[in-house]
Amino acid sequence: QHYFTVLFGHEGQKPLELRCEDEVDGDEWVEAIHQASYSDILIEREVLMQKYIHLVQIVETEKIAANQLRHQLEDQDTEIERLKSEIVALNKTKERMRPYQGNQEDEDPDIKKIKKVQSFMRGWLCRRKWKTIVQDYICSPHAESMRKRNQIVFNMVEAESEYVHQLYVLVNCFLRPLRMAASSKKPPISHDDVSSIFLNSETIMFLHEIFHQGLKARIANWPTLILADLFDILLPMLNIYQEFVRNHQYSLQVLANCKQNRDFDKLLKQYEANPACEGRMLETFLTYPMFQIPRYIITLHELLAHTPHEHVERKSLEFAKSKLEELSRVMHDEVSDTENIRKNLAIERTIVEGCDILLDTSQTFIRQGSLIQVPSVERGKLSKVRLGSLSLKKEGERQCFLFTKHFLICTRSSGGKLHLLKTGGVLSLIECTLIEETDAS
C-alpha cells in the first residue's frame with residue numbers, strides 16, 4: 001500500500017492521508033501536487049531562455065557582418081584615394097599634352113597609331129578593374145547575405161501560393177457546397193452550423209489572394225524587392241484571425257456533432273473524395289489558418305537576420321514582426337483561456353452542489369483521478385476527526401481534481417453523481433506543505 005499525507009498550516013485542520021493502489025500512481029500524484037503551483041513559471045522561463053539564446057546568436061552574427069562591412073569600407077576608402085591620385089596624375093599629363101592637340105592634323109601617323117593602341121589598353125585595363133571589383137563583391141559576405149535574403153522571399157511567395165490554394169479548396173470544395181446543401185429541401189446541415197464551422201474563412205481567403213497578388217507584383221520587379229508596404233496593408237486586417245482562432249475548437253466540436261448525421265457524413269465524404277483535396281479531410285483544411293501567423297513570424301525573423309541595419313526596409317520589417325508576435329501572443333492566450341474555462345465549467349457541471357472556485361478564470365486544471373482515503377492515525381490510535389460522511393474506521397474511494405490553486409475531493413453516489421465532501425472537500429494549495437515519509441512503519 002502506498003500513502004501520502006497532505007498537511008495544512010491552519011490550526012485545527014487535521015492532516016489528510018490518501019492512498020493509491022500502486023506506487024506509480026502515487027508518485028504521479030505527489031509530483032503533480034509538487035509542480036502545480038509553479039510549473040507554468042518554469043515553462044515560461046525555459047521559453048524565455050530559448051529566445052535569449054537565439055537572440056544572442058543573432059547578435060553575434062550581426063557583429064561579424066558589421067566587422068566585415070567595416071573592413072570593406074576601409075578597403076574602398078583606400079581604393080578611392082588611389083584612384084584620386086591617378087586622376088590627378090592623368091590631369092597633369094593631359095595639361096602637358098594640350099599644346100600638341102592643336103597640331104593633330106600634322107601629327108605623325110605612327111604617333112596616331114600609338115595613341116590608338118594606348119586608348120585600347122586603357123579601356124582594357126578599366127574593364128579588367130571593374131571585373132575584379134564585381135567578382136570581389138560576388139564573393140563577399142554581403143552578396144551571400146543578399147542571396148539568402150532573396151531565397152527567403154522566393155520561398156515565402158511559394159508558401160503563400162500554396163496557402164491560398166488550400167484556402168481556395170476549403171471555400172470552394174466545402175464551404176460553398178455546404179451552403180447550397182443547407183438551402184436544399186432536406187438540408188443535412190443548418191446554416192448556423194455552416195457558419196460555426198467555417199466562420200470567416202472566406203474573408204481570410206480574399207485577404208490572402210490580395211496579399212499573394214502583391215507579392216507576385218514585387219517579384220516581377222526583381223532585383224528591387226520592397227515588401228514592407230505589403231505588410232503595412234496586411235497587419236490591420238489580421239484581426240480577423242483572432243475570431244477564427246478563438247472559434248477553432250468550437251468549430252471542430254460542431255463538425256463532430258454534425259458527423260453523427262448519416263446524410264451529412266455521406267455528403268462530406270463525397271466532398272473529401274474530390275481530387276483537389278488530395279485525400280485530406282475537412283479538419284485538416286480548417287487547421288491550416290491556425291499556423292499562418294507563426295509562419296509569418298518565422299519568415300520575418302529569417303528575413304531580418306539577412307537584412308543589413310542600414311537597409312531601407314529594416315525598421316518596417318521589425319515593426320511588422322513585433323505586431324505579429326503581439327497578435328500571436330494574444331491569440332495563444334485567448335485559446336488557452338478558452339480551453340481552460342471550458343474544462344473547468346465541464347467539471348463544475350458534474351458536481352451536484354456546484355463549485356464557485358472553478359469560476360475563477362485564473363484556476364488551471366492539472367489532473368483528475370480516483371484515490372483511496374484512509375483513516376487518520378494519531379499515535380497508533382484512530383483520531384476522532386470525521387471527513388464528510390465517511391467513517392474513519394474504513395477506507396473509501398474518492399474522485400479527486402487537482403488545480404493550480406485548489407484540490408477538490410468528491411464522493412460518487414450510487415447514481416454516479418459527484419458530491420463535494422462537506423468537510424475538507426475544497427482544499428487550498430496556497431499555503432500547503434508537502435512531506436514524504438520514507439519510514440516503512
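This is a predicted model: local features need pLDDT of at least 70, side-chain atom pairs count only at pLDDT 80 or more; totals for chains, interfaces and linings use all residues.
Local features were taken where pLDDT is at least 70, and side-chain atom pairs count only at pLDDT 80 or more, while totals for chains, interfaces and linings use all residues. Residues are numbered from 1 along each chain as its sequence is written, and side-chain values rest on heavy atoms, with hydrogens and water left out.

Salt bridges come up first. Side chains of opposite charge can pair when their charged atoms come close. The structure holds 13 salt bridges, a salt bridge being a side-chain nitrogen of Lys or Arg within 4 Å of a carboxyl oxygen of Asp or Glu. One of them joins Arg82 to Glu86, with N and O 2.2 Å apart. Both residues sit in helix H2, 4 residues apart, which amounts to about one turn of the helix; helices (H or I, at least four residues) and strands (E, at least two) are DSSP runs, numbered from the N terminus. Arg82 is partly exposed at 35% relative accessibility, and Glu86 is partly exposed at 35% as well. Here, buried means under 20% relative accessible area, exposed means over 50%, and partly exposed is anything in between, using a 1.4 Å probe and protein chains only.

A second bridge pairs Glu202 with Arg179, whose closest N and O atoms are 3.0 Å apart. Glu202 is buried, at a relative accessible area of 14%, whereas Arg179 is partly exposed at 35%.

Helix H12 (residues 314–350) supplies another case. Glu325 bridges to Lys321, with 3.4 Å between the closest N and O atoms. The two are 4 residues apart in that helix, so about one helical turn separates them. Lys321 is buried at 16% relative accessibility, and Glu325 is partly exposed at 26%. Some bridges also share partners: Glu79, Arg82, Glu86 and Lys129 are joined into one network that way.

Patches are built from residues with over 30% relative accessible area and no salt bridge, joining like charges within 9 Å and nonpolar side chains (Val, Leu, Ile, Met, Phe, Trp, Tyr) within 5 Å. The negative patch gathers Asp22, Glu23, Asp27, Glu31 and Glu436. For charge, Lys and Arg count as positive and Asp and Glu as negative, with His and the chain ends not counted; each charge is placed at NZ of Lys, CZ of Arg, CG of Asp or CD of Glu. Glu31 is found in helix H1 (residues 23–35) and is partly exposed, with a relative accessible area of 38%.

The nonpolar patch consists of Met49, Tyr52, Ile53 and Val56, which together have about 350 Å² of accessible area. Accessible areas come from the Shrake-Rupley method with a 1.4 Å probe, and for residues only the protein chains shown count as cover. Ile53 is placed in helix H2 (residues 39–101) and is partly exposed at 40% relative accessible area.

As for the cysteines, a search of the whole structure turns up 0 disulfides, where a disulfide is a pair of cysteine sulfur atoms within 2.5 Å. The closest cysteine sulfur to that of Cys355 is in Cys410, 7.7 Å away, so the two are too far apart for a bond. Cys355 is buried, with a relative accessible area of 5%, while Cys126 is partly exposed at 42%.

Leu199, although not a glycine, has a positive phi of about 45°. Leu199 lies in the loop between helix H5 (191–198) and helix H6 (201–220) and is partly exposed, at a relative accessible area of 33%. Glu278, also a residue other than glycine, has a positive phi near 55°. Its loop runs between helix H9 (262–272) and helix H10 (282–287), and Glu278 counts as exposed at 60% relative accessibility.

Finally, Ser145 lies in helix H4 and is buried at 19% relative accessibility. Between the C-alpha atoms of Ser145 and Trp29 there are 53 Å, and the two residues are 116 residues apart along the chain.
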